[in-house]
Each structure stands twice: as structure tokens, then as C-alpha cells.
Amino acid sequence: MADIPRILYCNCTYAQVVPKDVKEAVLRGLCGSQAAFDAVADLCEMSARRDPHLQQLAAEGKLKIAACYPRAVKWLFAAAQAPLAHDAVEVLNMRTQTAEEVLSALAKPELQPNLPAGKVTAEPPSAPTPG
């Protein structure tokens, strides 16, 4: 079971930047499937609160996330001190992809990592040096 990516669905409740019809169709499709998944109200809000659940998800391994832009998801997790592994995460963009495209990718057992490379993600604050 460890090789099967975990699925995380973001409802984008507060920012409401994902088209309503797409996110509703993706959620309906996930609910009607045999796939186990986590649904959260809003990754942005969870990041702002540094929700420990984000750290848990980041640490567990392979992860498919239905949310928005991969770069945004990468930095939301980094801001919550839960950096994602570039080779273990695939982000499906409900802002630009159709519900069918997102559901098709979520149904595949293979992972297509797509986090953008770039700056090192946020590091936990270091302890002050005595001085």
C-alpha cells in the first residue's frame, strides 16, 4: 500500500479561485470512486495556521494533491514548515485542468512529480546562538 500515492483534495473554500463546477465534479468523482482521500476546506488557511496535518502529509511519502498551481502548493506547504519532496508529489491544477483530467490523473497509481524546482523551501527557524 505504501506505493499508492495518498490523495489530498482542497475545496478552496475561502479564496474561491478554483471554478466551482470543477471542484464539485472532482469531489463527486472522488466520493464515487474506491479511492481513499483527504478533503480539506482550504490549504491556504491551513498554511496560515501552520496546521500540523500538512507536516504529517509531507512526511508520509507519495502524495497527489488536487488544488491549484503547483508552485502555490509548494510554497503553502513550505510556509507551514512542511516542505514537500520534489520527487514524491504531483499537483493537479483545478484552476486550469478539467475535472475529467484531474480525476483521470488521480485514478492512476503512477505518480508524475511536477513541483517546480527553484529556491530551497523554507527551513525551520534555527535556535538563537549564544552571544
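At what angle do the axes of helix H1 (residues 20-32) and H5 cross, and within what distance do they come? In this predicted model, the two axes come within 9 Å and cross at roughly 35°. The crossing of H1 past H5 is right-handed. On the H1 side the contact is made by Val22, Ala25, Val26, Gly29 and Leu30, and on the H5 side by Ala99, Val102, Leu103 and Leu106. By class, the residues of this contact are 8 nonpolar, 1 polar and no charged. Because Gly counts as polar, Gly29 of H1 is the polar residue here.

Helix H5 (residues 99-107) also packs on the sheet, where it touches strands E1, E3 and E4. The direction of H5 makes about 160° with that of E4.

The sheet itself is open and has 4 strands in the order E2-E1-E3-E4, with parallel pairing. Strands E2 and E4 are the edges, each pairing on one side only. Neighbouring strands are turned by 20° against each other on average, direction ignored. Strands of a sheet pair through backbone hydrogen bonds. E3 and E4 run parallel and are joined by 5 bridges; in one of them, Ala66 has Leu92 of E4 as its partner.

| Strand | Residues |
|---|---|
| E1 | 6-10 |
| E2 | 38-40 |
| E3 | 63-67 |
| E4 | 89-93 |

Which residue lies over the face of Tyr69? Arg71 does, at 4.7 Å from the ring centre. As for aromatic pairs, a search of the whole structure finds 0.

Notes:
Residues numbered from 1 in each chain as written. Predicted model: local features only at pLDDT ≥ 70, side-chain atom pairs only at ≥ 80, totals over all residues. Heavy atoms only, no water. Pairing = 2+ DSSP bridges. Helix = DSSP H or I, 4+ residues; strand = E, 2+ residues; numbered from the N terminus. Axes fitted to C-alpha atoms, helices over the stretch in contact; angles between N-to-C directions. Contact = heavy atoms within 4.5 Å. Phe/Tyr/Trp six-rings, centres within 6.5 Å; stacked < 30°, edge-to-face > 60°. Lys NZ or Arg CZ within 6 Å of the ring centre and 35° of its normal. Left-handed = near helix turned anticlockwise from the far one by under 90°.
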